[in-house]
Amino acid sequence: MSIVKISGLDLLNPHQSCRRSVVFFASRTHRCIIMVLLFLTGPEIYSGLADEKIRRDATVKAVEKVMPSVVNIRTEILLERRDFYYDLLWEYFGPYYRGRPAESTYSLGSGVIIHKSGYILTNAHVINRASRVEVILHDGTRYDADPVAGMRSTDVALLKIQDEKPLPPFQSIDFASEDDLMLGETVLALGNPFGLGSSVSRGILSSKNRRPPMEDKPLDIEDWLQTDAAINPGNSGGALVNSNGELIGINTSIISVSGGADGIGFAIPIDIVKYVFREIIQNGEVIRGYVGISAEINYRGLGVLVNGIIPGSPAD
């Protein structure tokens, strides 16, 4: 590589040997060094800008859209310790015996802002028995939150952010259309795994109609969403979204041998969530249609053999 004179400017000739340029750069001015740097890095700068457009695919855009709506949930549970002598000492000393002070335990989970006024959707088991609920937004802002409604049988709960000062409008998530699911499509699980903070994992929608057990008892949900996106402890209550950044489910549980993410995670479908809260708002509880009869399980004939009627039911 050598120097070529053009209109009084020293430019680099790329057709010459680089061996001569080593000696030259050690003895010439900084102008030549700057020219070399521009010559070498210029194309990389322009290619980097073009590469950024390629890298910002649908997944990246979905994460940028959804992440501000996903919150970390921290709950405090007060446990009252009663030892062997508690009842005996309380009987003799009454209110003068204070016993052992209550101890606090903490748990972590995730949630999704579904309305700009501060309503948050999460799992019921995330806030179960909590004496205090704190939510941490994506930008690190902390608020207390109060439970509004929830059902253990469907494992969904609704929180409302509370603060002494007027609350700003929060960025809420968009809901996907009901039954707008494609088996094998890309899905993203967002939440707070192991308390590490906002995190995202990617997978596919593995099934639209699973029914996994929870604590040895099945939840009252017929069609779970199954995904191989990593769902770990702390992800419960977080968002499962499609590549458009629309909420399709609430991350709830996993089946694991190792205790970590083994590629089998489950989420509550968003149409079930909509139904539950629509019933809660209208009726104060979830009312499901039922007949009120018991049937013979081993009956092999046509129809159903009724062997009992539940008192007070529609069949009574």
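Biologist: Which strand holds I309?
Modeller: This is a predicted model: local features need pLDDT of at least 70, side-chain atom pairs count only at pLDDT 80 or more, and totals for chains, interfaces and linings use all residues. Residues are numbered from 1 along each chain as its sequence is written, and side-chain values use heavy atoms, leaving out hydrogens and water. Helices (H or I, at least four residues) and strands (E, at least two) are DSSP runs, numbered from the N terminus. The strand that holds I309 covers residues 306-309 and is β19.

Biologist: Is I309 buried or exposed, or in between?
Modeller: Buried means under 20% relative accessible area and exposed over 50%, with partly exposed in between (1.4 Å probe, protein chains only). I309 has 48% relative accessibility, so the residue counts as partly exposed.

Biologist: How do the rings of Y143 and F170 pair?
Modeller: A search of the whole structure finds two aromatic pairs. Rings of Phe, Tyr and Trp (its six-membered ring) pair if their centres lie within 6.5 Å; planes under 30 degrees apart count as stacked, over 60 as edge-to-face and the rest as tilted. For Y143 and F170 the centres are 5.6 Å apart and the planes at 90 degrees, so the pair is edge-to-face.

Biologist: How far apart in sequence are the parts that Y143 and F170 tie together?
Modeller: Y143 lies in strand β7 (residues 142-151). F170 is in the loop between β8 (156-162) and β9 (174-175), so the pair ties together parts at a sequence separation of 27 residues.

Biologist: How are the rings of W224 and F266 arranged, and in which strand is F266?
Modeller: The centres are 6.3 Å apart and the planes at 85 degrees, so this pair is edge-to-face. W224 and F266 are buried. W224 lies in strand β14 (residues 224-227), and 42 residues away F266 lies in strand β17.
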